[in-house]
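Please examine the protein shown below.

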Amino acid sequence: MRPLIGISTYYVKDREWGEGRKRGFPGQDMLMSTMDYSRCVVLAGGIPVALPVIEDNSLYMDEIISRLDGLLFTGGPDIYPIRYNQHFKKGLGLVVPERDEFELEILERAINSGLPVFGICRGFQLINTLFGGSLHQDIKEEVKTNIEHVGLMAPKFSGCHTIRIVENSFIFKAFEKEELMVNSFHHQAISKIGEGLIETAWADDGIIEGFERKDSLVVGVQWHPEMMAEIQKEQLKIFQLFINKIKEKRRNCNG
Ligand SMILES: [Mn+2]
């Protein structure tokens, strides 16, 4: 059976109606997810399962964890800074505390159950937050660098800067190289790395672009491989390794 991969989603509130939302009716909140994640999960041999943000969820969460084979934490708005013990700083973007609460809770349960987890961009920053790390709320305000990490001036699949990859890390095993061209759509970055997370990739300015936990069942990247994969086929490899690891784990569990 193909592994079921839960995918976190945007929580689009009714109040965003006025900002030009094109679907549904006034008064309706919505969930949303870019198709890139689902396409990559399918191409890599998994089945995507979109997870809406649901308040009051304790039972629901345990049931999700028991039925899914892996979790993909996706990109999205900034994480509520109080979650990593900082006040709001200059340059902070939109925050959706309800989404943070839901995702941090499901993430914690996933980790306690040994469910494999892959974080991309916001998802990467979310994992770092759960493990007690912190963020630069805005790279331009807090980090001296001449690399533009907010690559909005180019198409989604465009390489923007290179990363250096630690040998034998999860990312290294996926791409089998020490240097990789990646896109970059983040205005925040890890400031303090979470406890037990091992840095596995950096941009040339020292910004952390990848990490994993020792068992490599928890991995994260700061760039967006799912946006690149359609054009830069190589980027699918990280999804393939994630799903292959899940299959391998399942074989081991079954004896
Ligand atoms: Mn970057």
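Serine 8 stands opposite leucine 51 in strand E4. This pairing belongs to a predicted model, in which local features need pLDDT of at least 70, side-chain atom pairs count only at pLDDT 80 or more, and totals for chains, interfaces and linings use all residues. Residues are numbered from 1 along each chain as its sequence is written. E1 (residues 4-8) and E4 (residues 47-51) run parallel and are joined by 5 bridges; two strands are taken to pair if DSSP finds at least two bridges between them. E1 also runs parallel to E5, with 3 bridges, and glycine 6 has leucine 71 in E5 as its bridge partner. Of the 5 residues of E1, 4 are buried, where buried denotes 20 or more other C-beta atoms within 10 Å of the residue's own, exposed 12 or fewer, and partly exposed a count in between, with C-beta atoms placed from the backbone.

The protein as a whole has 8 helices and 13 strands; these are DSSP runs numbered from the N terminus, helices being H or I of at least four residues and strands E of at least two. Its radius of gyration is 17 Å, close to the 18 Å given by the globule rule for 255 residues, so the protein is as compact as a globular protein of that length. The radius is taken over C-alpha atoms, and the rule is 2.2 Å times the number of residues to the power 0.38. Buried residues make up 39% of the 255.

Helix H8 (residues 237-253) reaches 24 Å from its first C-alpha to its last, close to the 24 Å expected at 1.5 Å a residue; the expected span is 1.5 Å times one less than the number of residues. Its buried residues are Ile238, Phe239, Phe242, Ile243, Lys245 and Ile246. They cover an arc of only 150° around the axis, which puts them on the same side of H8; the arc is that of the directions from the helix axis to the C-beta atoms. Glu248, Arg251 and Asn252 are exposed on the other side of H8. The elements against which the buried residues of H8 pack include helix H1 (35-43) and strand E6 (117-120).

The largest nonpolar core has 58 residues, and Leu72, Phe73, Leu107, Val117 and Ile127 have the most contacts inside it. H8 supplies the largest share of this core, 5 residues. Such a core is a set of buried Ala, Val, Leu, Ile, Met, Phe, Trp, Tyr and Cys residues joined through C-beta atoms within 7 Å. Among the residues that valine 117 touches, beyond four places in sequence, are Leu107, Ile127 and Leu217, contact meaning C-beta atoms, placed from the backbone, within 7 Å.

| Residue | Phi | Location |
|---|---|---|
| Asparagine 85 | about 60° | loop between E5 and H3 |
| Cysteine 121 | about 55° | loop between E6 and helix H4 (122-130) |

Asparagine 85 counts as exposed because 9 C-beta neighbours lie inside 10 Å. Cysteine 121 is buried, with 23 other C-beta atoms within 10 Å.

Aspartate 100 is found in helix H3 (residues 97-112). This aspartate is buried, with 22 other C-beta atoms within 10 Å. Leaving aside neighbours within four places in sequence, aspartate 100 is in contact with Ile79, Tyr80 and Arg83.

Key:
Two residues are in contact if their C-beta atoms, placed from the backbone, lie within 7 Å.
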